[in-house]
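Biologist: I would like to learn how to read a protein model, one feature at a time. Could we begin with what is shown here?

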Amino acid sequence: MSSGDLDALLRVTSSTYRSDEPPDVAFGLYQGAVGALVLAVTARGVVTCSFDEENTVFERVARQFGSFIGPDAARLDPVRRELDAYFSGRLRTFTTPVDLTLATPFARTVLQKMMAVPYGTTTTYGEIAERIGRPRALRAVGNALAENPVCVIVPCHRIVQADGGLGDYAGGAAAKRHLLTVESR
């Protein structure tokens, strides 16, 4: 979906609401060092920072929240500014609240453990499985991280394979390498 298509989708979705009424879910794009990220922000926090295609993310958000979804610079711009600061190496910890509504209960547990992995460090699938008390759940941990709805902000890029290999990443290997390089400066 192109930016124009996304704008058209947002216009159709918001056409039944007053233009002066802010959307329940702010939705938009961020163009950064690792490509386009789709953002969605609820009153509780960032619900999506995703490498997935805009239409796919929009549908997922609409299914979950079923409410007025549209652009809202007042809620999206603070997230964009933090992403800019992070990519330039000026931000180590995101302060924007995260809303893990789109994650399953198991995935929330995994993602909360990932949020505790310090900037500039890495961990393994096995270490996260141990931390959640499920040492044999390596595949389940990997699946939870693969479905992370709040990439970059919830730092699933900090997980590597036990043998030191990079492992998979929703944004691709180049994006993961870039994020780890930013954090190693």
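Modeller: Let us begin with the word buried, which is used for a residue with under 20% relative accessible area, while exposed is used for one with over 50%. Please keep in mind throughout that this is a predicted model.

Biologist: With that cut-off, what share of the 185 residues in the protein is buried?

Modeller: Buried residues make up 45% of the 185 residues. As for the surface, the protein exposes about 9,200 Å², and carbon and sulfur atoms supply 49% of that area.

Biologist: How many helices and strands does the secondary structure come to?

Modeller: There are 7 helices and 6 strands, and, read from the N terminus on, the elements run α-β-β-β-α-β-α-α-β-α-α-β-α.

Biologist: Is strand β3 mostly covered or mostly open?

Modeller: Strand β3, residues 45-50, is mostly covered, with 6 of its 6 residues buried.

Biologist: How do I read the aromatic rings, and how many aromatic pairs does the structure hold?

Modeller: For rings that pair, one looks at the angle between the planes, where under 30 degrees counts as stacked and over 60 as edge-to-face. The structure holds 6 aromatic pairs. In one of them, the ring centres of Tyr 30 and Phe 87 are 6.1 Å apart and the planes are at 10°, so this pair is stacked. Because Tyr 30 lies in strand β1 (residues 25-32) and Phe 87 in helix α3 (residues 73-87), the pair ties together parts that are 57 residues apart in sequence. Both Tyr 30 and Phe 87 are buried.

Biologist: Which pair is edge-to-face?

Modeller: Phe 51 and Tyr 169 form such a pair, with 5.5 Å from centre to centre and 75° between the planes. Phe 51 lies in the loop between β3 and α2, and Tyr 169 in the loop between β6 and α7, so this pair ties together parts that are 118 residues apart in sequence. Phe 51 counts as buried at 18% relative accessibility, and Tyr 169 counts as buried at 12%.

Biologist: Which residues do ring pairs link into a cluster?

Modeller: The cluster consists of Tyr 30, Tyr 86, Phe 87, Phe 94 and Tyr 119.

Biologist: What is Phe 87 in contact with, leaving aside its neighbours within four places in sequence?

Modeller: Its contacts include Tyr 30, Val 152, His 178 and Arg 185. Phe 87 has a relative accessible area of 8%, and it is therefore buried. Across the protein, residues 24 or more positions apart account for 62% of the contacts with a separation of 6 or more.

Methods: Residues are numbered from 1 along each chain as its sequence is written. This is a predicted model: local features need pLDDT of at least 70, side-chain atom pairs count only at pLDDT 80 or more; totals for chains, interfaces and linings use all residues. Side-chain values use heavy atoms; hydrogens and water are left out. Buried means under 20% relative accessible area, exposed over 50%, partly exposed in between (1.4 Å probe, protein chains only). Helices (H or I, at least four residues) and strands (E, at least two) are DSSP runs, numbered from the N terminus. Rings of Phe, Tyr and Trp (its six-membered ring) pair if their centres lie within 6.5 Å; planes under 30 degrees apart count as stacked, over 60 as edge-to-face and the rest as tilted. Contact means heavy atoms within 4.5 Å. Accessible areas come from the Shrake-Rupley method with a 1.4 Å probe; for residues, only the protein chains shown count as cover.
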